[in-house]
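Thanks for coming. I will keep this short, so please look at the screen.

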Amino acid sequence: MKTLIACYSYSGNTLTVAQKLQELINADLTRIEPEKDRWYVIKAIHAYLEKKWSIKPCITDISEYDCLIVCSPVWAGRATPGVNQYLEEVENVSGKKCAALVTMGGDGSQVATIKIREALEEQGMDFIGKLVIGGKDQESGEWEGKTQEFAQYFGE
């Protein structure tokens with residue numbers, strides 16, 4: 001299955017997990033990057049309000065892919081504004097598979113994967129799984145094992 005990983009990462013944690021997954025499943029990776037950076041409090045408020053920020057050019061046409069994995073850190077329980085914008089811009093997705101990967105400093109509840117799933121399913125995609133990496137997983141190194149398990153969803 002030819003897979004594209006679309007990743008937004010602020011601190012590098014999400015990118016580290018996305019790159020490990022990329023290596024495990026031999027996927028392509030595109031970076032979701034906002035046009036301009038903002039103060040952290042503004043980022044959290046805008047994430048919570050499910051705002052969108054303009055993003056730099058990246059792969060949004062997935063006509064050549066079978067699957068899309070959207071990766072985001074969790075801010076205020078939500079996906080980032082850049083990811084929200086990406087979900088609006090992504091095209092040629094109908095009938096393809098999709099998944100969500102999120103990282104967060106805590107280990108509490110989050111709705112980011114639900115919002116990512118809903119946005120992609122509304123465009124006709126088939127959601128096949130999610131990976132949630134919490135702060136304890138990152139500190140203990142358990143994220144690597146969880147990522148390897150998640151990679152099995154994307155076998156040939």
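Predicted model: local features only at pLDDT ≥ 70, side-chain atom pairs only at ≥ 80, totals over all residues.

Let us start with helix α3, which runs over residues 81–89. Is helix α3 enclosed or open? Of its 9 residues, 7 are buried, so the helix is largely enclosed by the rest of the structure. The buried ones are P81, G82, V83, N84, Q85, Y86 and L87. What covers them? The cover includes the strands β1 (3–7), β2 (28–31) and β3 (67–73). Helix α2 and helix α4 (112–122) also belong to that cover.

You will find T103 in strand β4, residues 97–103. Is T103 buried or exposed? Its relative accessible area is 4%, and since buried means under 20%, T103 counts as buried. Leaving out residues up to four places away in sequence, T103 touches N13, T14, V17, S72, P73, V74, I133 and Q138. With one of these, T14, there is also a polar contact between the side chains, at 2.5 Å.

Now to the surface. Which residues form a nonpolar patch there? They are Y10, Y40, V41, I45, Y48 and L49, and together they have about 610 Å² of accessible area. Take V41 from that group. V41 sits in helix α2, which covers residues 40–48. The relative accessible area of V41 is 36%, so V41 is partly exposed. Compare that with T103, which is buried at 4%.

That is the tour. Questions can come now.

Note on methods
Residues numbered from 1 in each chain as written. Heavy atoms only, no water. Patch = residues over 30% accessible without salt bridge, like charges linked within 9 Å, V, L, I, M, F, W, Y side chains within 5 Å. Areas by Shrake-Rupley, 256 points an atom, 1.4 Å probe, with all protein chains shown as cover. Salt bridge = Lys/Arg side-chain N within 4 Å of Asp/Glu carboxyl O. Helix = DSSP H or I, 4+ residues; strand = E, 2+ residues; numbered from the N terminus. Buried < 20%, exposed > 50% of the residue type's maximum accessible area, 1.4 Å probe, protein only. Polar contact = N/O pair within 3.5 Å; in protein donor to acceptor, adjacent residues only side chain to side chain. Contact = heavy atoms within 4.5 Å.
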